[in-house]
Amino acid sequence: MLQVKNIEKYYGNKNQVTKALDRVSFDVAAGEFIAIMGASGSGKTTLLNCISTIDTISAGSILLDGVDISGLSDRKLAKFRRERLGFVFQDFNLLDTLTIEENIGLTLSLNHQNPKNVQKQVEKIAHTLGITEILKKFPYQVSGGQKQRAACARAMVAKQSLLLADEPTGALDSKASKNLLEIMTQMNQKMKATILMVTHDAYSASYASRVLFLKDGRLFNELLKGTRPRPTFYHEILDVLAVLGGDISDVI
Amino acid sequence: MTLSKLSFRNAKRQTGDYLIYFTTIVLAAALLYAFNGLTFSSELLTLSKFMETLPMMIVFASIVVVCIFGWLVSYATGFMLSRRSRELGTYLLIGLEKKEVAHLFFLENLMVGGFAFLLGLLLGNFLYQVLRAILLALFSCPYHFTLAFSLKAAGLTFTYFTFIYLLALFKSRWHIHKMKIYDLIYFDRQNEHVIVKNSKSRQRLFTFSIILGIVGTILLLMENALIGILGAGCIILFLYIFFLTFASGVPAFFDRQPFRKYQKQNLLIYRTLTAKLGTMGIVMATIALLFTATLISQGTGLIFWGIFNARSADKYCFDLYADSERPEGIPSEYLDYIEQNISVEQSLLYCIYQRESNEFITYLQKNADYYPYNQKDMVIRYSDYQALRSIAGYPNVTLESGEYLIHCQRYLKNTLKNHQPVIHFGETTLSSAGIHTEPFMQNNYTTGNGHGFLLVVPDDAVSALAPHHFSYAANTTAPVTEEQYEALDTIRNRVCENIDELYDSLHTEANEKATVASMTAISIFPLYFLAFALTMTAATILTIQQLAECRHYQTQYKLLQKLGMDRREMAKTLRTQFSIYYTLPAVPPLFISIPFLLHTANATEPGIMVGAFSPAMIILNTLLLFFFIYAIYILMAYTTLKRNVLPENL
């Protein structure tokens, strides 16, 4: 579904160049749940930004369903983002002035869907994610966990094919984190959502079916969950992180 | 870092963040200084004796303007206080005392105010020169640039500014004293609640407000001071209830038809409008009130100008004119004085006769906006008419025997074109030879050269007619001075002392011009002073509110971009949000002020508000001037907003 081929990303000017991504390549199959891990500054967010077309790449190519997204015009990129991608951010990024229902419906509105069906679609996904009772509330009236579930609903409501999550549990307590990760798993398994999640939390990563490790902008390792139970997978991730050399406080 | 250093840094930032507000404060100081400068200028106040009342009018307007600017500064400091609540909360959190925070805030506002005051004085000097040039031009005096700094004007401006700032700072001090750290830190996280929740009472209130608005506007037109005040009260109530119920009505509308909010960009636009319902409603109503006052001030100023101009233009035609209804003719006292003191080039003593018929008066009464001050149609001999045309500097006209001419005010021409009957004077029958409309002293009530119109007939035709009054007209080698007019006026007071209901007319071109110039200065300067202050205040408050939302807009549009909203759609949404915000408070004032101005312009005597001062032109010019100033603020706000919210690289 998604092919990342030898992408590179440089920042800076002639005199001082910082290489944020260095020949990164990997494939994502439809219905996969992938976590990208690495210490701070390893290039995880840059990679996610490039895939989400918010940032441009310096070399290489990113193909989604065979289409090279790095060559699209601004208008096509905008269309691509609203139709194909769903976002979940660490700080929720819900609009304060809109109710939860409107925040979710906004994506459908941007996709020019029939206004009469918007409410029904929002109610349906809200029911699946267990946030029906907060639909009429404003973001400041609900908890962090509920906000993040609303963000997930927004990322999925227009049947986007790829959900990009940037540290989705970063601002949540452990209970809310667990709840959110279970919901994401449910979205992946039942709704067949393809998820690409950036995290530096090993516990969050253990919910994925595959974990990619980045170090200094390069792909360092890859772990497949297979049929192993999640706690075993979690420990394996920790082992890789130990080898990776990141500060342990960074990753747990 | 010391407190004063921190204040200085904050003041610098405040000047940058609220540039438009700062600019308005500078302009406020400039306006106050420039107008105060007029009140202390002996050069300008001695232009005419009528100018003696100018200082009083300016001081009166200044008091209102100071109150308006006082409210602006008070509002803006209060607004900044709330926008910076988190920062101020942090000061308290790290152990600063409330007294110190208040002191910090006081210092930085003092710096901003002081700096604005100094800049304002500089700009005010320039503005003063502009006003001086306008005044001198009104009096037809030559303008020479002379750099003059009035210490008295600066002192008065300083006093006004101290009052404005002390008021605002006492208010903010009280605010800071009442603050709680928690409230400060979490101040901006909440949306405001709907003011009028019950849908039925909201609808009733909304309808009631519209009725109040209509009733208020009608009462304003009743030409009665007390009823007018009642009307103004109704309009104030209308604006506040209208905007509060309107703001509350928007969410109710979308609650009833939820799908509508998902159409196009409705959702974002509607939520931006309703996020600050209470504040927005009150701000919008206040702004609308200020705009109404602005439009009325500007329009009334133009109406006054039109009245003075038109009334005098008619009298400008002769350098010197006098008339009297005494049967013995013009008293010799006037003529003796003129002969001894005024160098006359050409003069004429003549008589205005009255016909036995009033057919022209009756016709005009029926077909034009004409009030008959005379019982019969007025008539002049052709030879006198020719001489008067020569004195006034108009080209000669010829009148064949058996013909008559009509000389009327311009506004009556079209009506009289349809009424040029054959007229009879005893045995003589005359047919019309045309109509002339040059200014001809036809604006007096019963005297002058006929009220509104005059029939010019061959000399022999008047032999059987009775004289109505006697007149004297002259052109002089030099303009008749104000002193000479004063002397003639003294003679008039003496000769008219014992005559009941008779008062001789006396006009000199120079005196008319000085009167018009003074009246224009006395009425229009304060009105426009007020109008500028009102527009600037209202536009600044709107802009402060709008730009303060910049950060909120930035977050919103960054997210929308990530969610895949097209840039063109984003720009369109921003434009719509922006235009609704700036259009809403300008609409009700149009519905109130346009009927008011039309009515006032039409309430003057006929023939006055014509041409460039016709009611339609007055409305057009008022709107043009108002929207010109408003557009400058809108443009500044929009470019700043767009640059911050939708930068090129977004």
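**Chain B overall**

I began with the sequence separation of contacts in chain B. Of those between residues at least 6 apart in sequence, 83% join residues at least 24 apart. I keep in mind that this is a predicted model.

I then took the secondary structure of chain B, which comes to 22 helices and 9 strands. Along the principal axes, the C-alpha atoms of chain B fill a box of roughly 100 × 60 × 45 Å. I looked up burial next: 43% of the 650 residues in chain B are buried.

**A helix pair in chain B**

I picked H4(B), residues 54-83, and H7(B), residues 151-177. Their axes lie 9 Å apart, and the packing angle is about 35 degrees. The crossing of H4(B) and H7(B) is right-handed.

Which residues make the contact? On H4(B) I listed B:Ser62, B:Val66, B:Phe69, B:Gly70, B:Val73, B:Ser74, B:Thr77, B:Gly78 and B:Leu81. H7(B) answers with residues including B:Tyr160, B:Phe163, B:Ile164, B:Leu167, B:Ala168 and B:His175. By class, the contact of H4(B) with H7(B) has 10 nonpolar, 7 polar and 1 charged.

**Where chain A touches chain B**

I turned to the contact between the chains. Chain A puts in 25 residues and chain B puts in 20 residues. On the chain A side, H2 (74-84), H3 (100-110) and H4 (115-129) each supply at least two residues. Which helix gives the most? I found H3(A), with 7 residues. I sorted the side of chain A that touches chain B by class: 12 nonpolar, 6 polar and 7 charged residues.

Methods: Residues are numbered from 1 along each chain as its sequence is written. Chains are lettered from A and ligands numbered from 1 in the order in which they are written. This is a predicted model: local features need pLDDT of at least 70, side-chain atom pairs count only at pLDDT 80 or more; totals for chains, interfaces and linings use all residues. Axes are lines fitted to C-alpha atoms, for helices over the stretch in contact, and angles run from 0 to 180 degrees between N-to-C directions. Helices (H or I, at least four residues) and strands (E, at least two) are DSSP runs, numbered from the N terminus. A crossing is left-handed if the near helix is turned anticlockwise from the far one by less than a right angle, and right-handed if clockwise. Two residues are in contact if their C-beta atoms, placed from the backbone, lie within 7 Å. Ala, Val, Leu, Ile, Met, Phe, Trp, Tyr, Cys and Pro count as nonpolar, Asp, Glu, Lys and Arg as charged, and the others, Gly among them, as polar. A residue is buried if 20 or more other C-beta atoms lie within 10 Å of its own, exposed if 12 or fewer, and partly exposed in between; C-beta atoms are placed from the backbone.
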